[in-house]
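The following exercises are to be worked with the sequence and the structure in view. Each task is followed by a solution in steps.

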Amino acid sequence: MKKIIFAIFFFASCEKGLSDLNINGTNSTSLDPALLLNQAIINTSFPVKSLVFDIGVVQQMISPNGGVLAGANFNQDSRDITTQPLWTAYYQSVIKNTYDALTRSKDLPNRSNMYNMARIYQTYVFMILTDEYGDIPYTDGGAGLVKGALFPKYDRQQDIYPLLIQELTEAAAALNTTAVIETGDILYAGNVDKWKKFANSLLLRAGMRLSKVDPTQAQSIVQAAVAGGVITANADNAYIRHDANYTQPIGNTLNGGEAANFYLAKPFADQLKNTADPRLTAIAIRYVGATSGAGQTVAVGTTDPTKQIGMPIGNDNGTIVAAAAADGLASFYDYSQVDRRRMLKISSPVFLVTAAQTNLLLAEARFQGWINTGSAAQYFADGISAHMDQMVVYDMNSAVSTAARDTYIAANPLTAGNELEQINTQYWIASFLNGPEAFANFRRSGFPTLTPNPYGQPNNPDVPNGTFIRRLTYPTSELSVNSENVNEAISRQGPDKLSTRIWWDKQ
């Protein structure tokens with residue numbers, strides 16, 4: 001569509017005279033910013049690289065295969081492998097569109113809600129980028145076409161976070177139910193109240209990210225977010241819908257050539273299995289006796305939670321054979337997977353910010369004494385309940401019954417002395433398939449308690465023995481094309497390695 005609009009604009013300009021080509025000649029003024037925002041939202045669905053790294057780092061899903069799939073399970077930096085990194089996916093297909101939407105709507109009085117919705121969404125995406133990489137182009141990010149910033153400078157993460165917080169605060173306050181309602185947006189259909197809750201839930205997230213580096217500031221931000229109103233019910237969840245035309249990237253991959261290559265990691269499967277968590281039945285399938293991908297048929301598939309076996313981390317094609325034999329399996333194809341016919345279809349949703357996550361953050365904030373409403377125990381229970389109820393959105397056959405949900409919650413209350421571990425372990429579960437958020441909260445909180453991946457130790461140059469991956473490294477394109485600016489960022493942040501901690505990730 002964009003090419004067609006450009007062509008129309010070009011020929012119209014020619015009829016007026018060559019001098020007119022100097023006026024916004026590469027950027028049509030007629031394109032509705034709502035289309036740009038929607039394009040950004042669609043393209044935010046987490047790429048396969050997030051499965052390879054984020055989800056692998058937190059030991060939820062792994063692959064024993066190398067090549068383009070080598071990543072967290074191999075403690076290996078695969079920035080040069082062809083799988084598109086989150087950096088490229090977001091800067092090229094998301095930030096470019098949100099920036100363009102902001103530029104087009106900023107000076108239009110009747111599009112004030114659109115402008116502020118785009119501010120909120122762009123802030124969400126920038127938060128993911130800086131949480132994944134640390135220092136990033138923020139001020140110049142997306143400004144290449146409009147301002148000619150072809151070699152964007154990198155901002156320090158400690159300078160970016162106050163700007164993210166400011167954007168969320170101002171944009172949420174500026175949204176107005178008496179202004180034009182942007183019904184065309186695919187996230188909330190312009191619902192101002194839901195957009196405000198989305199913004200404040202992101203603000204809550206941002207505040208909690210600062211819990212180690214500045215607890216006082218963190219508390220203030222959390223209080224402001226709660227006062228503004230956050231997402232506490234599934235009806236307000238921010239998630240991306242997919243269909244046959246706009247397919248879910250990870251679901252598309254796991255229903256295609258990589259169907260037999262990814263498995264539930266043992267720490268995640270064991271957490272659910274050992275606590276009789278009904279979400280295991282909703283998520284997992286095991287193709288009993290399979291000796292190849294072709295053997296993973298519906299006929300031998302079971303969702304029985306007692307029969308699920310997670311794949312141990314840190315194995316490759318060679319060592320996984322012995323591991324599977326030790327587990328009494330026919331082959332590694334016999335390990336449990338996420339059910340691609342229910343949870344990871346090509347049309348499966350991608351959840352960005354949910355009531356489950358927000359309630360669990362509120363539980364931690366209440367435990368810390370940062371807010372005085374509700375109780376930590378109730379927020380904790382509400383977070384678990386919300387995530388179990390959320391499962392039905394993936395597929396009717398992934399629904400968790402009310403009885404199973406309530407039985408689990410009653411058997412797993414918040415207990416004194418274990419609050420932070422329990423809350424953040426549940427956050428890990430509630431963020432399943434949201435790799436960037438699971439990865440960020442694991443680094444922030446230190447929970448769940450996981451054993452470092454042993455692969456390639458003790459002499460791995462990227463990840464020292466006994467440690468975890470702490471960030472993603474900058475793509476080769478930045479190192480080769482924008483070298484001066486990226487090298488400046490590296491000089492102040494630390495080596496461009498998987499093990500370098502970002503600003504808010506303190507021990």
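**Exercise 1: A strand and its partners**

In this predicted model, Ala-284 stands opposite Val-338 in strand 6.

Task: Determine which strands pair with strand 4, and state whether the residues of strand 4 are buried or exposed.

Solution. 
Step 1. Begin with the pairing that contains Ala-284 and Val-338. Strand 4 and strand 6 (residues 336-338) are joined by 3 bridges and run antiparallel.
Step 2. Turn to Tyr-287, which stands opposite Gly-301 in strand 5. Here 2 bridges join strand 4 to strand 5 (residues 301-302), and these two strands also run antiparallel.
Step 3. Examine the side-chain directions in strand 4 (residues 284-287). Ala-284 and Arg-286 point one way, while Ile-285 and Tyr-287 point the other way. All of these residues are buried.

**Exercise 2: Two packed helices**

Task: Describe how helix 6 and helix 9 are arranged, and locate Ala-199 in this arrangement.

Solution. 
Step 1. Read both quantities. The axes of helix 6 and helix 9 come within 11 Å and cross at roughly 25 degrees.
Step 2. Classify the angle. Angles under 35 degrees count as roughly parallel, so helix 6 is roughly parallel to helix 9.
Step 3. The crossing of helix 6 past helix 9 is left-handed.
Step 4. List contributors. Among the residues that make the contact are Asn-113, Met-117 and Ile-120 of helix 6, and Trp-195, Phe-198 and Ala-199 of helix 9.
Step 5. Focus on Ala-199, which is found in helix 9. With its neighbours within four places in sequence left aside, Ala-199 is in contact with Ile-120, Leu-168 and Ala-172. Ala-199 has a relative accessible area of 1% and is therefore buried.

**Exercise 3: Backbone features in loops**

Task: Which residues other than glycine have a positive phi, and which peptide bonds are cis? Answer for Asn-75, Leu-433, Pro-448 and Pro-458.

Solution. 
Step 1. Asn-75 has a phi near 50 degrees, which is positive although the residue is not a glycine. Asn-75 lies in the loop between strand 1 (61-62) and helix 5. Its relative accessible area is 3%, so Asn-75 is buried.
Step 2. Leu-433, also not a glycine, has a positive phi of about 80 degrees. Leu-433 lies in the loop between helix 18 (419-430) and helix 19. Its relative accessibility is 11%, and Leu-433 therefore counts as buried.
Step 3. The peptide bond from Phe-447 to Pro-448 is cis, with omega near 5 degrees. Pro-448 lies in the loop between helix 19 (435-445) and helix 20.
Step 4. The peptide bond from Gln-457 to Pro-458 is cis as well, with omega near 10 degrees. Pro-458 likewise belongs to the loop between helix 19 and helix 20.

**Exercise 4: A residue of helix 20**

Task: Is Val-481 buried or exposed?

Solution. 
Step 1. Val-481 is found in helix 20 (residues 476-481).
Step 2. Its relative accessible area is 55%. The cut-off for exposed is over 50%, so Val-481 is exposed.
Step 3. The C-alpha atoms of Val-481 and Phe-151 are separated by 8.0 Å, while the two residues are 330 residues apart along the chain.

Technical notes:
Residues numbered from 1 in each chain as written. Predicted model: local features only at pLDDT ≥ 70, side-chain atom pairs only at ≥ 80, totals over all residues. Heavy atoms only, no water. Buried < 20%, exposed > 50% of the residue type's maximum accessible area, 1.4 Å probe, protein only. Helix = DSSP H or I, 4+ residues; strand = E, 2+ residues; numbered from the N terminus. Pairing = 2+ DSSP bridges. Contact = heavy atoms within 4.5 Å. Axes fitted to C-alpha atoms, helices over the stretch in contact; angles between N-to-C directions. Parallel < 35°, antiparallel > 145°, perpendicular 65-115°, else oblique. Left-handed = near helix turned anticlockwise from the far one by under 90°.
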